[in-house]
Amino acid sequence: MELPAVPRPWRYWLLLGSYGLFLLLGAAVFAGVEAPREAGLREALRGARAGFLRQHQGCVSEPGLERLLERVLGADSSGVSALGNVSDDENWDFSSALFFAASVLSTTGYGHTVPLSDGGKVFCIFYTLLGLPATLLLATCLLQRLMGLLSHRPVQYLHTHWGIPPGHAALGHAATMGLSVLGLFILLPALCFWALEKGWNFLESVYFCFISLSTIGLGDYVPGHSSPASLRHLYKISITCYLLLGLLAMLLALETIYELREVHSLVRFFAPTQAPASPSNEDDDRLEILSRDQLGLATVCGAPPSWSQADNEADGRSAPPDGPSGGPARELGSSTTGVENGDPSDW
């Protein structure tokens with residue numbers, strides 16, 4: 001992938017300026033699209049409020065209405081609705097609490113349900129401190145396993161049996177992976193939400209699926225309030241499973257795209273230049289430690305490395321060949337995602 005010749009000191013300013021322009025563009029579009037709708041909604045709300053006070057002038061005072069609205073809005077911000085048709089929908093039964101725990105650990109955080117007690121808020125802090133690292137560890141382990149099975153092997157098969165160039169095979173597989181996630185985890189669930197949730201159209205259902213799987217979780221659309229009482233618990237548990245599986249599928253697709261050669265070229269274009277150095281003996285010891293720490297979370301999930309290979313690399317000796325071709329051995333940390341699995345970034 002050929003990129004324009006831009007002096008390296010300018011590349012960071014180019015990246016920063018482009019991102020700043022992207023933020024300004026988003027702000028301008030949102031302000032232009034949403035501001036008129038907000039103004040219309042405010043005007044309609046003022047008219048409804050004034051009409052209600054005129055209609056009940058002798059029964060309801062304006063300060064009393066203000067106090068009632070403040071209590072209603074405060075309860076609604078905590079997930080308790082004053083509407084009669086949903087007032088019995090509990091937020092802290094087991095299925096709802098499971099949905100809340102999953103939204104917290106996946107960093108989605110819809111905000112429609114929040115801990116009300118001081119004890120619940122303290123427990124949420126410590127639960128999140130332990131749960132987020134555990135979630136990252138589990139997601140990393142699962143991605144290490146699934147990448148070799150669903151990403152590297154298909155690319156290797158296309159290259160070996162069909163003769164497709166590795167770069168083209170990786171690009172086509174990434175596109176297929178993205179379309180599969182779009183169809184199976186966004187469009188198909190959106191059809192289900194469209195049919196099950198009252199008042200949701202198809203666009204709003206697609207919007208909810210994407211906002212949820214991208215872990216944005218704005219909270220303006222939350223499913224489960226209009227489901228039948230007999231199926232409410234099963235429905236919320238099913239939504240929880242969908243969110244966890246969909247998040248894993250989204251991460252798998254993004255990781256597959258990130259391994260493309262074109263993406264690596266773009267990252268290297270903005271990456272700083274690493275100046276060659278002549279490390280001392282103390283630096284050699286540090287490099288040996290770093291080489292063993294390169295595995296990170298992948299060490300927990302993949303096969304343990306051969307420490308004799310790490311010693312050979314630390315001592316400057318040549319590592320044993322990777323296979324019959326006599327090529328150089330893979331560095332540490334790639335035991336689960338190496339050439340044997342068809343890693344497209346290594347071709």
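This is a predicted model: local features need pLDDT of at least 70, side-chain atom pairs count only at pLDDT 80 or more; totals for chains, interfaces and linings use all residues.
# Cysteines, helices and salt bridges

User: How many disulfides does the structure hold?
Analyst: A disulfide is a covalent bond between the sulfur atoms of two cysteines. For cysteine 209, even the closest cysteine sulfur is too far for a bond. For the structure, the number of disulfides is zero.

User: Is cysteine 209 buried or exposed?
Analyst: Buried residues have a relative accessible area under 20%. Cysteine 209 has a value of 0%, whereas cysteine 241, at 43%, counts as partly exposed. Cysteine 209 is therefore buried.

User: Which helix holds histidine 173?
Analyst: Histidine 173 is buried, with a relative accessible area of 12%. Leaving aside residues up to four places away in sequence, histidine 173 touches Leu150, Ser151, Pro154, Val155 and Thr256. Its place is within residues 166–196, which form helix H5.

User: What span does helix H2 reach from its first C-alpha to its last?
Analyst: Helix H2 covers residues 62–77, which makes 16 residues. At 1.5 Å a residue, the expected span is 22 Å. The model comes close to that, with a reach of 22 Å.

User: Which residue has a side-chain oxygen that reaches a backbone nitrogen at the start of H2?
Analyst: The backbone nitrogen in this contact belongs to glycine 64.

User: Which glycine follows H2?
Analyst: The residue to look for has a positive phi, near 90°. Following H2, the residue with that angle is glycine 79.

User: How far apart are the closest N and O atoms of arginine 42 and glutamate 38?
Analyst: Both residues lie in helix H1 (residues 8–55), and because they are four residues apart, about one helical turn separates them. Arginine 42 is partly exposed at 46% relative accessible area, and glutamate 38 is partly exposed at 42%. The two form a salt bridge, with their closest N and O atoms at a distance of 3.1 Å.

User: Which residue of helix H1 pairs with glutamate 62?
Analyst: Glutamate 62 is partly exposed, with a relative accessibility of 43%. Its side chain meets that of arginine 49 in a salt bridge of 3.1 Å, N to O. Glutamate 62 lies in helix H2, so the pair ties together parts 13 residues apart in sequence, and the partner in H1 is arginine 49.

User: What is the N to O distance between arginine 49 and glutamate 66?
Analyst: Arginine 49 is partly exposed at 26%, and glutamate 66 is partly exposed at 32%. Their side chains meet in a salt bridge, and the N to O distance is 2.2 Å.

User: Which residues are linked in a network of salt bridges?
Analyst: The structure holds four salt bridges. Among them, arginine 49 meets glutamate 62, and arginine 49 also meets glutamate 66. The linked residues are Arg49, Glu62 and Glu66.

Technical notes
Residues are numbered from 1 along each chain as its sequence is written. Side-chain values use heavy atoms; hydrogens and water are left out. A disulfide is a pair of cysteine sulfur atoms within 2.5 Å. Buried means under 20% relative accessible area, exposed over 50%, partly exposed in between (1.4 Å probe, protein chains only). Helices (H or I, at least four residues) and strands (E, at least two) are DSSP runs, numbered from the N terminus. Contact means heavy atoms within 4.5 Å. The expected span of a helix is 1.5 Å times one less than its number of residues. A polar contact is a pair of N or O atoms within 3.5 Å; within protein, one must be able to donate a hydrogen and the other to accept it, and residues adjacent in sequence count only if both atoms are side-chain atoms.
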